[in-house]
Amino acid sequence: MDNKKKPNLWIIFLSIILVICLPFIIGKRENYNDNLENLIGIYGFPFDWLHTHANKGFSFLGIGFILNIIFFYFIIKSLIWIFKKIIGYVRFLRNLVL
């Protein structure tokens, strides 16, 4: 199997860690909907995946969690690709000068 076609497990692991940790580092968003009563905070970036309630309960939204993992996976893959392109240009310019 082609090594470039299979997903890198460390990128998936890193995206899961980002999905779990980033909302708690950034903080919660306040609820502006009146439909959900006693809602304390909404966690998740860019998709909501965890709602905390005033009675110490929580609601886990699985589809938002999965969409966040997919979002961060592609963001990390894009950043790696951009980094490799920049390093390639720097090496080309270095070889051109030398």
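Keep in mind that the model is predicted.

Start with the layout. The protein has 2 helices and 3 strands, and from the N terminus they come in the order α-β-β-β-α. Of the 98 residues, 21% are buried. The exposed surface comes to about 7,900 Å², with carbon and sulfur atoms supplying 68% of that. If you take the contacts with a separation of 6 or more, 36% of them join residues 24 or more positions apart.

Now look at helix α2, which covers residues 62-97. Where are the buried residues of α2? They are Gly-64, Phe-65, Asn-68, Ile-69, Phe-72, Tyr-73 and Ile-76. An α-helix has 3.6 residues a turn, so residues three or four places apart point the same way. As for partners, the buried residues of α2 pack against α1 (9-26) and β3 (58-60).

Some of those names turn up again in the largest nonpolar core, which consists of 7 residues: Val-19, Tyr-43, Trp-49, Leu-50, Phe-65, Ile-69 and Phe-72. Helix α2 gives the largest share of this core, 3 residues. In soluble globular proteins, nonpolar side chains tend to be buried together.

On to the rings: the structure holds 9 aromatic pairs. One of them joins Phe-45 and Phe-72, with 6.4 Å from centre to centre and 45° between the planes, a tilted arrangement. Phe-45 sits in the loop between β1 (39-43) and β2 (50-53) while Phe-72 belongs to helix α2, so this pair ties together parts 27 residues apart in sequence. What about burial? Phe-45 is partly exposed, at a relative accessible area of 43%, whereas Phe-72 is buried, at 7%.

Trp-49 and Phe-65 make another pair; their ring centres are 5.2 Å apart and their planes stand at 65°, so this one is edge-to-face. Trp-49 is also in the loop between β1 and β2, and Phe-65 is in helix α2, so the pair ties together parts 16 residues apart in sequence. Here both partners are buried: Trp-49 has a relative accessible area of 5%, and Phe-65 counts as buried at 16%, because the cut-off is under 20%.

Finally, Trp-49 and Phe-65 belong to an aromatic cluster together with Phe-24, Tyr-43 and Phe-60.

Conventions:
Residues numbered from 1 in each chain as written. Predicted model: local features only at pLDDT ≥ 70, side-chain atom pairs only at ≥ 80, totals over all residues. Heavy atoms only, no water. Helix = DSSP H or I, 4+ residues; strand = E, 2+ residues; numbered from the N terminus. Buried < 20%, exposed > 50% of the residue type's maximum accessible area, 1.4 Å probe, protein only. Contact = heavy atoms within 4.5 Å. Areas by Shrake-Rupley, 256 points an atom, 1.4 Å probe, with all protein chains shown as cover. Expected span 1.5 Å × (residues − 1). Core = buried A, V, L, I, M, F, W, Y, C linked by side-chain atoms within 4.5 Å. Phe/Tyr/Trp six-rings, centres within 6.5 Å; stacked < 30°, edge-to-face > 60°.
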